[in-house]
Amino acid sequence: MTVTAEPRQIYLDNNATTSCALDVVAEMLPFFTEQYGNPSSIHAIGAGVAPSIHTARQRLQALLGAAHDTEIVFTSGGTESDTTAILSALRSLPERREIITSAVEHHAVLSVCEYLAKNEGYTVHVIPVDNQGRLDVKAYEKVLSDKVALVSIMWANNETGTIFPVETLAQMAKAFGILVHTDAVQAVGKIPMRLSNSAIDMLSLSGHKIHGPKGIGALYLKRGVKFRPLFRGGHQERGRRAGTENTAGIVGLGKAAEIAQSGMIDENTRVRNLRDRLERELVARIPNAIITGDPEQRLPNTTTIAFEFVEGEAILMMLSRAGIAASSGSACTSGSLEPSHVMRAMDIPFTAAHGATRFSLSRVNTDADIDRVIEVLPGIIDRLRAMSPYWSAAGAPAAFQPAYS
């Protein structure tokens, strides 16, 4: 009997989620079985847990460059942090009925804004981007006014990796007394931050994007900023987020933040070089492919390549059979046959947007991982195009060129 070996598993979908680092797991384990007390309790078993939460808060403060550890509010993740920030800003400035956001935000922001526009009468200004995913700053500047309660614009896009000038945007908004929030779920741990010198009022992050556990995140809340909690009940998090603290998750997030800070140089050198080599080789070997996003201002781990005249879902299935995990965009929109809202906002040609495939690396990826994708993917695209009536009808057009190489 012949046994066929399973292909080695290569994970390149780290913008969707990351593996939980072993050091993170090790630091969390005692809080399930030994140090299980409620940190809000007065007795010794509970009180003994509180210092570990304090340590985690300080580790996040250091990663973000925040001025005070009390500016860190623990939540269940990025989505809760986004919702909390948006609703708090609107409740804090009830006389202002306008919101500014971008066309390429995560649905955790866009869905809330759409709900507020439809059900509560808010005016939402959706700022467009260009074909490299860069924000139209002139359009942004035009809608700034004292009628705007909140600017909520992501630090870096989850699909293309394009980095927005959020610190500059925040300074511009401050001239009108506008509160500023940024969804930094993808940027934290990859880009150095110094929030103590920033005009940003609120920032969202999530543990499972930086090799921490799922179900834990944080909201940075600059000291002195008006705040209205989303959850009411207990006094936890200084009355800013009710509910018994997820101690193990908080400890894990703190450890993940510490590891991310120490690994940021590797992220921006070795990991970036892996990403760049993957792009160069694939574009050289596969015709009619476009690298999306800003070629310079982009996360070091992220590339989304649009392959013309093929379906992204078919690419992903064939990659999966070869033991390679990638994505057709954000995990929240995977499974849809429609191009993502990010690709549409960038005016990526429809014939290419359907074939957009995201590879998002992490510090655990190796040269061998990249070699395997380079070996496998050109053949996959060739096979899919051979079955595509659109490719045959177009005669494999040579006019389609990548935005850059």
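Visitor: What do the buried residues of α11 pack against?
Guide: In this predicted model, the buried residues of α11 pack against α4 (50-64), α10, β9 (289-291), β10 (302-307), β12 (356-360) and α15 (367-386), where contact means heavy atoms within 4.5 Å. Among these buried residues are Met264, Glu267, Val271 and Leu274, buried being under 20% relative accessible area, exposed over 50% and partly exposed in between (1.4 Å probe, protein chains only). Local features need pLDDT of at least 70 and side-chain atom pairs 80 or more, while totals for chains, interfaces and linings use all residues. Residues are numbered from 1 along each chain as its sequence is written, and side-chain values use heavy atoms, leaving out hydrogens and water.

Visitor: How do you know that the span of α11 agrees with its 22 residues?
Guide: The rule is 1.5 Å times one less than the number of residues, so helix α11 (residues 264-285) should span 32 Å, and its end C-alpha atoms, 31 Å apart, agree with that. Helices (H or I, at least four residues) and strands (E, at least two) are DSSP runs, numbered from the N terminus.

Visitor: Which residues have the most contacts inside the largest nonpolar core?
Guide: They are Leu60, Leu64, Phe74, Tyr140, Val151, Trp155 and Leu203, in a core of 69 residues, that is, buried Ala, Val, Leu, Ile, Met, Phe, Trp, Tyr and Cys joined through side-chain atoms within 4.5 Å. Its largest share, eight residues, comes from helix α10 (residues 247-262). Because domain 1 (22-262) and domain 2 (264-395) both give residues to this core, it lies between them, the bounds coming from an automatic or database domain assignment.
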